[in-house]
Amino acid sequence: MSGTPARTADAATATEVVCLGESMVTFLPSQPGRLADVPAFGRGIGGAESNVACALAAAGHRAAWVGRVGADGFGDHLVEAIAGYGVDTSGVRRDPSRPTGIYFRTATDRATDVHEVAYYRAGSAASAMSPRTVPYASLPTARVLHLSGITAALSADCLALLHDLTAPRPGRPLISFDVNHRPGLWRGADASPAVLLDLARRSDLVFVGEDEAEEAWGLTGAEAIRAALPEPSVLVVKRGADGATVFSRTGTGVGTEAGTGEGTDVTTTVPALRVDVVAPVGAGDAFAAGFLSATLRDLPVRDRVRHGHLMAAAVLTVPGDLTAPPARAHADALAALDDEAWGRLRLGPGWTGDDQEVRTT
């Protein structure tokens, strides 16, 4: 398995990316403040994997979301809203006895101490995903299968499913894995670091934040993270305001099979953009979607990271978790800037519109 996904025989119609995981109805606060003080909430959709699928579909890719929702109104809303982005939802199953998960959150950054999230997902339909309820035959054939560590935390059956999906086997698609360490989801969390490390090592393309690697594994710095994760052909270490560092074999993302750890790494570091942030949520999923989009197009590693930064900037400059990405030609032009011009960019609300000028400083 290489860091660039193999093309199928019918590339014009085949699904490019399947994203598997839980999606929930999200209740977004009408104003900043504690959950106890927020007077009203608006309804949205949330879920790392479905967010990636929606962003990829909005960017012109053939994306599918596979999940499990209740036979209830919230499940109807999720399937309809996600399909509205152009995502294939034919692999979604309805559970007649379990509810669709929901959650409430504050408007503050997830990384701050004042951020609150109230999950109502215990016993949800998605927690019943397993190798029995998500048979491989139901997964569309795709170049990439995108997963995250959130699914592993939902139940023992969900973890078994991820173990099966990441196991080496003939014809396995490129496995993209976002570590997405959420300590609050791991009750009796002693096992979570080892579980997430094992799943990452079984994958081909891994996204992990420098902060979550330190929290989960006690690792400091991109080089230490790579030393602990030698197997993936492509390892993307997100470093917040300092940008992202990518370790890839041969420098194009094409390398040896995951699980061998063989080959010579090329290290690529790309600075982050300066962004006038409206709402600090959804950036990680958007970054993964931008990187995957550029990977599907076989762009150089530097441009893959830049497209990740640009997709993240699109989400950061709107109130919700999802938004229309910049037009491909617009994003390609920005990603192609020289280093000096890239460093002068400053993106604010409305920058993705075709008639908007991008500021430089």
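**View 1. The largest nonpolar core.** Of the 56 residues in the largest nonpolar core, those touching the most other members are L205, F207, V236, L273, F287, F291 and L310. Such a core is a set of buried Ala, Val, Leu, Ile, Met, Phe, Trp, Tyr and Cys residues joined through side-chain atoms within 4.5 Å. Buried means under 20% relative accessible area, exposed means over 50%, and partly exposed lies in between (1.4 Å probe, protein chains only). Helix α9 (residues 301-316) gives this core its largest share, nine residues. A second, separate core has 42 residues, including L154, W186, L229 and F247. The model is predicted: local features need pLDDT of at least 70, side-chain atom pairs count only at pLDDT 80 or more, and totals for chains, interfaces and linings use all residues. Residues are numbered from 1 along each chain as its sequence is written, and side-chain values use heavy atoms, with hydrogens and water left out.

**View 2. Contacts of L205.** Neighbours within four places in sequence are left aside here. L205 then contacts L174, I175, S176, F177, V234, V236, F291 and L292. A contact means heavy atoms within 4.5 Å.

**View 3. The F207 and F287 ring pair.** The ring centres of F207 and F287 are 6.4 Å apart and the planes stand at 90°, so the pair is edge-to-face. Rings of Phe, Tyr and Trp (its six-membered ring) pair if their centres lie within 6.5 Å; planes under 30 degrees apart are stacked, over 60 edge-to-face, and the rest tilted. F207 sits in strand β11 (residues 205-209) and F287 in helix α8, 80 residues apart, so the pair links distant parts of the chain. Helices (H or I, at least four residues) and strands (E, at least two) are DSSP runs, numbered from the N terminus. F207 is buried, at 0% relative accessible area. F287 is buried too, at 5%.

**View 4. The F104 and Y120 ring pair.** A search of the whole structure finds eight aromatic pairs. In the pair of F104 and Y120, the ring centres lie 6.0 Å apart with planes at 85°, so this pair is edge-to-face. F104 belongs to strand β7 (residues 102-105) and Y120 to strand β8 (residues 117-120), so the pair ties together parts 16 residues apart in sequence. F104 is partly exposed, at 21% relative accessibility. Y120 is exposed, at 52%. F27, F41, F74, F104 and Y120 form one aromatic cluster.

**View 5. Helix α1.** Helix α1 spans residues 48-58 and is mostly covered, with ten of its eleven residues buried. The buried residues are A48, E49, S50, N51, V52, A53, C54, A55, L56 and A57. Just after α1, G60 takes a positive phi of about 100°.

**View 6. The largest cavity.** The whole structure holds one cavity of 30 Å³ or more. The largest cavity has a volume of about 60 Å³. On a 1 Å grid over the protein atoms alone, a cavity is a set of points where a 1.4 Å probe fits but cannot get out; lining residues have an atom within 4 Å of a point. Grid points are joined across faces, edges and corners, and the volume is the space filled by probe spheres set on the points. The lining is N51, A55, G282, D285, A286, M311, A314, V315, D321, L322 and T323. Elements giving two or more residues to this lining are α1, α8 (283-296) and α9. The largest share, three residues, comes from α9.

Technical notes: On a 1 Å grid over the protein atoms alone, a cavity is a set of points where a 1.4 Å probe fits but cannot get out, and a pocket is an open set with protein on both sides within 12 Å along at least five of seven lines; lining residues have an atom within 4 Å of a point.
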